[in-house]
Amino acid sequence: MSILDDIIDDTRSVVAERKKETSISELEQRPLYADREPVSLVEALKERGMSFIAEIKKASPSKGVIRENLQPALIAQQYEKNDAAAISVLTEPLHFQGTLEHMPWIRAHVDIPLLRKDFIIDPYQIVAARAMGADAVLLIATALDRRQLYDLHQAADELGMSCLVEVYTLDDLDKIDFDQVQLLGVNNRDLHTFEVDIENSLRIFEQAPRSVGRVAESGLSDPETLVRLRQNGVNAVLIGEHFMRAENPGEALADLRDRAKEIALGQQR
């Protein structure tokens, strides 16, 4: 079995336990579900230039613990202060040491959209995401069949939430209904081996409809790469590890953006 297979199996167990602990009706009564409308991630990424989805995560299967002293609300405030378009919160508990319980604490401290980044396989997880303050969810096409992907996206749509649909291979594109999907993410990290290939984003986006918003994910830390992605029609990048290893993640975001702008301006002269 691959790492992804292990994670999906564990996710099924986690979701089953969550359902026993808290029913959907209980989640729907929570203030962040009942009294708050989600903010559109799609609209947040429409600004000109390169948008940044800055990630909060503690660990990963490939790198182990990335940030020992994780202060989610403080980091989220640093990201917002430095003009992140949105914040990704990694909530998978067993392999990434995340928790959904961070989400409402972060929500209380920032106004920009929050993306629940997890291995979503059940509509229950989408309801729980909204109940905890998320505005959007990640749907990983590699982990779903075409029908599952459509149904989960529809479930999010009905709750007023955005979806970032992530692919890794060209075959994953065959699972996507582009009449439904507005945001396409390409993961540069192979979810079976966790190896990174930066060129993957450009290869996949060449085959995607021009109408879809484009988000490059994983292994990004080099300003020259960001400039190249933008020149090839990429609207946004999702970056986690590079920022999480910095003393001040928000300042690392600002520095990376500024260096990319300087390179882009230099090329225009």
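V42 lies in helix α4 (residues 41-44), where helices are DSSP runs of H or I with at least four residues, strands are runs of E with at least two, and both are numbered from the N terminus. The model is predicted, so that local features need pLDDT of at least 70 and side-chain atom pairs count only at pLDDT 80 or more, while totals for chains, interfaces and linings use all residues. Residues are numbered from 1 along each chain as its sequence is written, and side-chain values use heavy atoms, with hydrogens and water left out.

V42 counts as buried because its relative accessibility is 11%; buried means under 20% relative accessible area, exposed over 50%, and partly exposed in between, with a 1.4 Å probe and protein chains only. Apart from neighbours within four places in sequence, V42 is in contact with S162, Q182 and L183, contact meaning heavy atoms within 4.5 Å. Between V42 and L183 the C-alpha to C-alpha distance is 6.8 Å, although 141 residues separate them in sequence.

Q78 counts as buried because its relative accessibility is 15%. Leaving aside neighbours within four places in sequence, its contacts are N248, P249 and G250.

The path now turns to the strands. Strand β4 (residues 86-90) runs parallel to β5 and is joined to it by four bridges; two strands pair if DSSP finds at least two bridges between them. Within this pairing, I87 stands opposite L114 of β5. From β4 the chain passes through helix α6 (residues 102-107) to β5 in a right-handed β-α-β crossover. Right-handed here means that, with the strands pointing away from the viewer, the path from the first strand over the helix to the second runs clockwise.

In β5 (residues 114-117), L114 and R116 point one way, L115 and K117 point the other way, and all are buried. In a regular strand the side chains alternate between the two faces of the sheet. Strand β6 (residues 136-140) also runs parallel to β5, with two bridges joining them, and V137 is the bridge partner of R116. Together with helix α7 (residues 123-131), β5 and β6 make a right-handed β-α-β unit.

Helix α11 (residues 223-231) has P223, L226, V227 and L229 as its buried residues. These residues lie on the same side of α11 because they cover an arc of only 160 degrees around the axis, the arc being that of the directions from the helix axis to the C-beta atoms. They pack against β1 (51-56), α10 (200-205), β9 (213-217), β10 (236-239) and α13 (249-268). Just after α11, G233 adopts a positive phi of about 90 degrees.
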